[in-house]
Amino acid sequence: MVAFGKKLKERQIQEWQGFYLNYKLMKKRVKQYAQQMEVGTQDRRHVLKDFSRMLDNQIEKTVLFILEQQGQLASRLTNLREQHDALEEMPEISQITELREAYRAVGQDLLKLLCFVEMNAIGLRKILKKFDKRFRYRFTDYYVKTRANHPYSQLQQVFKHVGLGAVVGAISRNLHELQDRQGSYLSIYDPPALPLQDPVVDSINAAVDRLSHSTNFLNFLAQHALIMQEELPAPTDECIDDERYHFMSLLLNLANTFLYMVNTYIIVPTADDYSMSLGAAATVCGIVIGAMAVAQVFSSVYFSAWSNRSYFRPLVFSSIVLFVGNAMYALAYDMNSLTVLILGRLFCGLGSARAVNRRYISDCVPLKIRMQASAGFVSASALGMACGPALAGMLQTNFKIYKLTFNADTLPGWVMAVAWLVYLVWLWISFKEPSRDIEEPPASSSETVENGALEEGKQPLLITSEEKQEDDEDPEGDGSEEAPEESRKPATSIVSAYRLLTPSVKVQLLIYFMLKYAMEILISESSVITTYYFSWSTSTVSIFLACLGLTVLPVNIVVGSYISNMFEDRQILLASEIMVCIGILLSFHMIIPYTIPQYVCSGLIMFVSAEVLEGVNLSLLSRVMSSRLSRGTYNGGL
C-alpha cells in the first residue's frame, strides 16, 4: 500500500540505503522467471538455483554490513568500559552522568541497527512468500532449512540476530551499574533480576522481542486473545501507554473476564434440571445456555463502540446488567416462568464486556507488558471456564428464605448476582479512567506493518513513488488504490472491516466457528447425555466439565512450547481437524452399547483437539489480519 511505502520511507536510514535487501530487484526477477517459464526458455531447476544465488548475495551484503556495525558498537563499548573502570577509582557525579548518556547514545544506535535487521527480515520473508505463491513451490522450506542449519549460515544473522544479544547485554549491564542502587551489589545476572528503569533499555528489549520470531508459550497464549501486537510501533506510543496504564484497572478487567466465563458455564450442569422443573424438555437447556452467546453478538458491538469514549462506564453498565440478568435467572424458579429464565440469560449476554477488556489491554497497557496482559486475559478465561462447573457442583443444597427458593438450580444465579455486586463496588472504588487526548490520533497500529499482512504479500519493503505504477499493474494485487490517509485509519464499519478480510482469513474464521460449534455442543449437552445414558448426578457432570476446562492451559503449554516448534501450522491444523472429527464420530451411539469410557474418551479427544485447533488458528489470525483491524470499534477481537 502507498501508506506502507510512505511509512518505510520515513523509517529508512538514508546513509544505509545501499545495504538493504533490494526488494524491488528481487520482485522484478520473480516476474521475469514466471514469464520465462511460461514461454519455456527456463526450467524450474535453473530458476531455483539462480534465485537461491541471488538471495545468498543479497543476504551476504546485508549481513556483512550488520557485522561491521556490530564491530563499531563493540569498539565504542570497549572505550566506554575503560572510562567506566577509571571512574570506579575516582568517581565524579558529572562524569558518571556523561558516561551514562554515552551508553544511552550507543543504545540509540543499536535501536537503529535492530530496526535495519527487522526491516530486512520482513522483506526476506515477503519475497520468499511471493516466490512460493507465484511458482506453487515450497521454496521457503528448502531455502531456510539448508541455510539456517548450515555451520556457516548468514541467515542466522537476519532471523536470529546472532551477536546483537552481547551488545544488548553490555549496554544493559553497564547502565544498571551506573544507576543508583542504594548500596545493592546485585547485577542484572543475579536472581531475582532487578528491574532497570531506563527507557533506552526498555526500547531495546521491545525491539528484540519484535525481532524474535521463535514461538514460546507466553506469545502463543497471548495470541489467543487476538490482541494484535504492533510490529513497528512509534516510540511515542510507549510513553502514551505508560501514562494511561493503571495496574488495578488492568486487574479489574481480568477479573471481569474471569467472572463472565464463570457466569457462562456455572449453569451448564443444572440447566437441564432447571428447564424440566419449569415444564420444558431437558433439551431446552441448549437454548438457555446459548441465549447468553446470542446476546453477546450484539453487546460486543455497542461495548466496543462505547470503549472509544470510556472504559469505566461500560464496565459499570456491564456489572449492573449482569446482576439483573442473574437475579432474573434465579427468580424464574419461584415465578415458574421459562420466559424469565431465558430473558435472564439474554440480559447476561447483553452485559458481556469482553470487547472492553480486549480494548483496554490493546490501548492502555504498555507494549513491554502487553504480551503478559494478553496471556493473563486468556488464562483468566480458561480458569473461569473450569471454575464455573466446579462451583455448580458445590452448590448442592435446598432451602427457602421467605418466598425465595435456594437450590442447585437457582443458587448459580444468586451466587453470580452477589459476585457482580461485589465486583461493582470494587470497580467503583479502584478503577481509574485512562486519560484521553482531545483529538483522537490515528490508530498507531495502522501506522505499523502487520507481520501477517507482509507474509500475505500485500505490501513491499522499500517502495518509492516510481514503484507505485508497477505495483498497481501487479496481477498478484500487491498494491492498493487506497489513499494514504485512508489506509492508515481503522475500519469504520462492519462492511469496511469485512472487506479487509482476505480469503485465508475468512477460511480461518470459518474454522473457528466450526470448532466452537463442536465444543459448545459437547459442553451444553453434557448434562442431558450423561443423565440419559449413565444417570450421572450434577456433581459428577460438574467434575467432568471442570476437568475438561483444566486441560486448556496444559494443552497450550505443550502446543506453544513444543508442537508448534516441531511442525508447520498447516500440519497442526489438519491433524487437529482430523482428531476433532474422530472425537465426534466416537461420541455417537451406534451398534455397541454406549459406555462411560466411550463418552469420556470421545469428549476428551474432541475438546483437546479443538483446543489445539483454536490455539493455532488464533495464532495465525493474529498474524495475517490487516493492521487496520488491530484497533478501533470494528477490530479483530470483535
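Among contacts in the protein between residues at least 6 apart in sequence, what percentage join residues at least 24 apart? The share is 82%, where contact means heavy atoms within 4.5 Å.

## Basis of the model

This is a predicted model, in which local features need pLDDT of at least 70 and side-chain atom pairs count only at pLDDT 80 or more, while totals for chains, interfaces and linings use all residues. Residues are numbered from 1 along each chain as its sequence is written, and side-chain values use heavy atoms, with hydrogens and water left out.

## Overall composition

The protein contains 28 helices and two strands. Helices (H or I, at least four residues) and strands (E, at least two) are DSSP runs, numbered from the N terminus. Of its 638 residues, 52% count as buried. Buried means under 20% relative accessible area, exposed over 50%, and partly exposed in between, with a 1.4 Å probe and protein chains only.

## Cysteines

The structure holds zero disulfides, a disulfide being a pair of cysteine sulfur atoms within 2.5 Å. C364 is buried at a relative accessible area of 0%, whereas C387 has 28% relative accessibility and counts as partly exposed.

## Helix packing

Two packed helices are described by the angle between their axes and the distance between the axes. Axes are lines fitted to C-alpha atoms, for helices over the stretch in contact, and angles run from 0 to 180 degrees between N-to-C directions. Angles under 35 degrees count as roughly parallel, over 145 as roughly antiparallel, 65 to 115 as roughly perpendicular and the rest as oblique. A crossing is left-handed if the near helix is turned anticlockwise from the far one by less than a right angle, and right-handed if clockwise. For residue classes, Ala, Val, Leu, Ile, Met, Phe, Trp, Tyr, Cys and Pro count as nonpolar, Asp, Glu, Lys and Arg as charged, and the others, Gly among them, as polar.

Helix α2 (residues 23-39) and helix α4 (residues 93-135) have axes that come within 11 Å and cross at roughly 10°, which makes α2 roughly parallel to α4. On the α2 side the contact is made by Y23, M26, K27, V30, K31, Y33, A34 and M37, and on the α4 side by G123, K126, I127, K130, F131, R134 and F135. These residues divide into nine nonpolar, one polar and five charged.

## Two further helix pairs

Helix α3 (residues 44-89) packs against helix α7 (residues 164-178) at an angle of about 25°, with the axes 11 Å apart. That makes α3 roughly parallel to α7, and their crossing is left-handed. From α3, Q70, L73, L77, R81 and H84 meet residues of α7 including L164, V167, A170 and I171. The residues of this contact comprise seven nonpolar, three polar and three charged.

The axes of helix α13 (residues 285-306) and helix α15 (residues 338-350) come within 6 Å and cross at roughly 35°. The crossing of α13 and α15 is right-handed. Among the α13 residues in the contact are I287, V288, A291 and M292, while α15 contributes residues including L341, I342, R345 and L346. The residues of the contact divide into 13 nonpolar, three polar and one charged.

## Individual residues in loops and helices

L395 sits in the loop between α17 (367-394) and β1 (399-401) and counts as buried at 14% relative accessibility. Not counting residues up to four places away in sequence, L395 touches I266, N407, A408, L411, P412 and V415. The C-alpha atoms of L395 and F406, 11 residues apart along the chain, are separated by 9.4 Å.

E433 lies in the loop between α18 (411-430) and α19 (451-455) and is partly exposed, at 32%. Leaving aside neighbours within four places in sequence, E433 is in contact with S310, Y311, F312 and R313. The C-alpha atoms of E433 and R313 are separated by 9.1 Å, at 120 residues apart along the chain. N617, in helix α28 (residues 596-624), is buried at 0% relative accessibility. Beyond residues up to four places away in sequence, N617 touches Q508, I511, Y512 and L573.

## Positive phi values

Most residues other than glycine have a negative phi, and most peptide bonds are trans. Y402 is not a glycine but has a positive phi of about 55°. Y402 is placed in the loop between β1 and β2 (404-406) and is exposed at 81% relative accessibility. S535, also a residue other than glycine, has a positive phi near 55°. The loop between α24 (526-534) and α25 (538-550) holds S535, which counts as exposed at 63% relative accessibility.
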